[in-house]
Amino acid sequence: MTSFLQYISSEVNPPSDETDSSSAPSKERLEQEKQKLLLSFKPLMQKFLHDHVDLQVSALYALQVHCYNSNFQKSMLFHFFVHFSDMEIIEEKAFLTWKENIIQEFPGKYRAVFQVNQWLSWLETAEEEESEEEAY
């Protein structure tokens, strides 16, 4: 996962770019990230991660460290979370497990959770509503 993330970031944000980490990425960059790069790796990521929540959580920690090493470029983590969810690479359970686990060996956890907390809260609410509907 770390290699995928490094490759995708280098393609979308070449090292020569002077990117301000406090500004949000352009829609063009986000679309390139998703369409050109993430979608091309989707089958491979799904093959290794499908039905393995523990590996999906590990992938989220790799993403957390990647974002930490990128100085938490504005909304980077959020966009990856949304892409991974929409493309069904990472399951809801893995996102929620990642949120609850406080492992100190991976830097940047508190800042990462802060960046995606609103989305994770939405995800939790959506999962609870879905569970209630299935009960009826």
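Start by selecting methionine 45, which sits in helix 2 (helices are DSSP runs of H or I with at least four residues, numbered from the N terminus). Methionine 45 is buried, with a relative accessible area of 2%; buried means under 20% relative accessible area, with a 1.4 Å probe and protein chains only. Before you go on, note that this is a predicted model, in which local features need pLDDT of at least 70, side-chain atom pairs count only at pLDDT 80 or more, and totals for chains, interfaces and linings use all residues. Residues are numbered from 1 along each chain as its sequence is written, and side-chain values use heavy atoms, with hydrogens and water left out.

Now show the neighbours of methionine 45. Leaving aside residues up to four places away in sequence, methionine 45 touches Met1, Phe4, Leu38, His50, Phe84 and Ile89, where contact means heavy atoms within 4.5 Å. Next, pick glutamate 88: its C-alpha lies 9.9 Å from that of methionine 45, though 43 residues separate the two along the chain. Glutamate 88 follows helix 4 and has a positive phi, near 55°.

Colour Met76, Leu77, His79, Phe80, Phe81, Val82, His83, Phe84 and Ser85, which are buried. With 9 of its 11 residues buried, helix 4 is largely enclosed by the rest of the structure.

Centre on phenylalanine 95: not counting residues up to four places away in sequence, its contacts are Leu60, Phe81, Phe84, Ser85, Ile90, Trp119, Leu120 and Leu123.

Then move to phenylalanine 72, in the loop between helix 3 and helix 4. Phenylalanine 72 is buried, at 3% relative accessible area. Arginine 111 is 39 residues away from phenylalanine 72 in sequence, yet 8.1 Å away in space, C-alpha to C-alpha.

For the last stop, display helix 1 (residues 2-12) and helix 3 (residues 53-69). Their axes come within 9 Å and cross at roughly 40°; axes are lines fitted to C-alpha atoms over the stretch in contact, and angles run from 0 to 180 degrees between N-to-C directions. Select Thr2, Leu5, Gln6 and Ser9 in helix 1, which meet Ala62, Leu63 and His66 in helix 3.

Methods: Helix = DSSP H or I, 4+ residues; strand = E, 2+ residues; numbered from the N terminus. Buried < 20%, exposed > 50% of the residue type's maximum accessible area, 1.4 Å probe, protein only.
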